[in-house]
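Here is a short tour for someone meeting this protein for the first time. Keep the 3D view open and follow along.

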Amino acid sequence: MKRIALIRSVDVKQAQPMLFSMSKELSKFASLKLFYSDGECGKKDFCGEFEHFENSLSLVELADKVLSWNPDVVISISIPDNNALRDAVLADYLKIKGVNFIAHPIQSTLLLSNKWETTKYLKSMGVSVPKTVYASGDLISNRVDSYSSIYVDVLINELNNLEFPLIAKPLWDSMSQGIKILKDMEETRSFLSTLTVDYIFQEYILGELLGIETITHNENVYFQPLVRKYTSENLVPFDHLRYGPYNGIPKVLLDRMKKKLEMYVWI
């Protein structure tokens with residue numbers, strides 16, 4: 001029987017009910033173990049062994065912990081942020097040790113973890129994106145004294161070309177952490193004065209956010225069900241259960257979207 005290890009960051013319970021149903025099916029033909037760093041896990045959450053690890057573990061320490069279970073294959077089920085980036089690097093490390101690892105490639109994970117780089121990439125591929133301004137926390141917070149004052153003036157000038165309200169997003173964070181809605185320039189100036197990390201500012205678009213995930217294998221693209229994540233009134237997409245399919249848009253539009261997405265997945 002094969003031994004399959006899974007690595008999960010972000011609260012285990014936020015992956016329900018999919019994590020339990022998936023592990024229940026896999027456990028019919030494989031031994032499973034979940035290595036997780038956040039939240040709590042019990043037998044009602046995962047069908048198999050499970051072990052908590054600290055996020056402070058080094059790459060080598062985490063690799064040793066996973067290898068000690070002697071898996072045939074390791075699967076990353078972390079979302080595309082710093083944790084998925086960690087798993088991408090871990091995948092390359094474990095492959096050298098002869099362990100198969102299913103994870104996103106390092107370069108694509110890095111691209112999708114950085115909101116500014118993601119926005120530029122989508123725009124270069126012909127995808128419509130909101131007007132966006134990038135703000136350097138280093139320059140704003142006086143780490144480069146000769147630039148900080150004039151740099152804020154430059155940002156204000158750029159932001160004046162956007163329509164309010166604006167949505168401010170930290171460059172590297174995820175799950176809506178650090179997001180702020182700014183209704184006018186007065187609020188924007190005040191918010192800029194607090195920044196110590198990099199942010200992007202975008203024109204705020206009203207509506208719903210839908211998501212669809214893809215799986216690629218042998219140059220084929222397979223689509224997961226369309227998922228409704230949140231509405232413009234609720235900026236926290238992980239505070240409720242999310243599972244599809246969402247049938248709120250015509251099939252012809254969904255098929256057209258899938259065909260367009262197939263152009264973008266090979267990065």
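## A tucked-away glutamine

Gln202 has a relative accessibility of 5%, so this residue counts as buried, the limit being under 20%. This is a predicted model, by the way, so read every value here as computed from that prediction. Gln202 is part of strand β9.

What does the side chain of Gln202 touch through polar contacts? One partner is the side chain of Thr132, at 3.0 Å. Another is the side chain of Lys169, joined to Gln202 by a polar contact of 2.8 Å. If you set aside the neighbours within four places in sequence, the residues in contact with Gln202 are Thr119, Pro130, Lys131, Thr132, Leu162, Pro165, Leu166, Ile167 and Lys169. So Thr132 and Lys169 turn up in that contact list as well as in the polar contacts.

## Aromatic rings around β9

Now for the rings. Searching the whole structure turns up four aromatic pairs. Take Phe191 and Phe201: their ring centres are 6.2 Å apart and their planes sit at 75°, so this pair is edge-to-face, a label for angles over 60 degrees. The two residues come from distant parts of the chain, with Phe191 in helix α8 (residues 185-192) and Phe201 in strand β9 (residues 199-203), ten residues apart.

Phe201 also pairs with Tyr199; here the centres are 6.4 Å apart and the planes are at 40°, so this pair is tilted. Put together, Phe191, Tyr199 and Phe201 make one aromatic cluster.

## Strand β1 and its partners

β1 has strand β2 (residues 30-36) as a parallel partner, and the pairing runs over seven bridges. To spot it in the view, look for Ile4, which stands opposite Leu32 in β2.

One more thing to find is Arg3. The charged end of Arg3 sits over the ring of Trp69, 4.1 Å from the ring centre.

## A helix between helices

Which residues of helix α4 (residues 106-113) are buried? They are Ser108, Thr109, Leu111 and Ser113. What do the buried residues of α4 pack against? Their packing partners are α3 (82-96) and α5 (115-124).

Here's a handy bit of background: an α-helix has 3.6 residues a turn, so residues three or four places apart point the same way.

## Stepping back

Zoom out and you can count nine helices and 13 strands in the chain. The C-alpha trace spans about 65 × 50 × 35 Å along its principal axes. Buried residues make up 37% of the chain's 267 residues.

What about contacts that reach along the sequence? Of the contacts in the chain with a separation of 6 or more, 61% are between residues 24 or more positions apart.

Technical notes:
Residues are numbered from 1 along each chain as its sequence is written. This is a predicted model: local features need pLDDT of at least 70, side-chain atom pairs count only at pLDDT 80 or more; totals for chains, interfaces and linings use all residues. Side-chain values use heavy atoms; hydrogens and water are left out. Rings of Phe, Tyr and Trp (its six-membered ring) pair if their centres lie within 6.5 Å; planes under 30 degrees apart count as stacked, over 60 as edge-to-face and the rest as tilted. Helices (H or I, at least four residues) and strands (E, at least two) are DSSP runs, numbered from the N terminus. A charge sits over a ring if NZ of Lys or CZ of Arg is within 6 Å of the ring centre and within 35 degrees of the ring normal. Buried means under 20% relative accessible area, exposed over 50%, partly exposed in between (1.4 Å probe, protein chains only). A polar contact is a pair of N or O atoms within 3.5 Å; within protein, one must be able to donate a hydrogen and the other to accept it, and residues adjacent in sequence count only if both atoms are side-chain atoms. Contact means heavy atoms within 4.5 Å. Two strands pair if DSSP finds at least two bridges between them.
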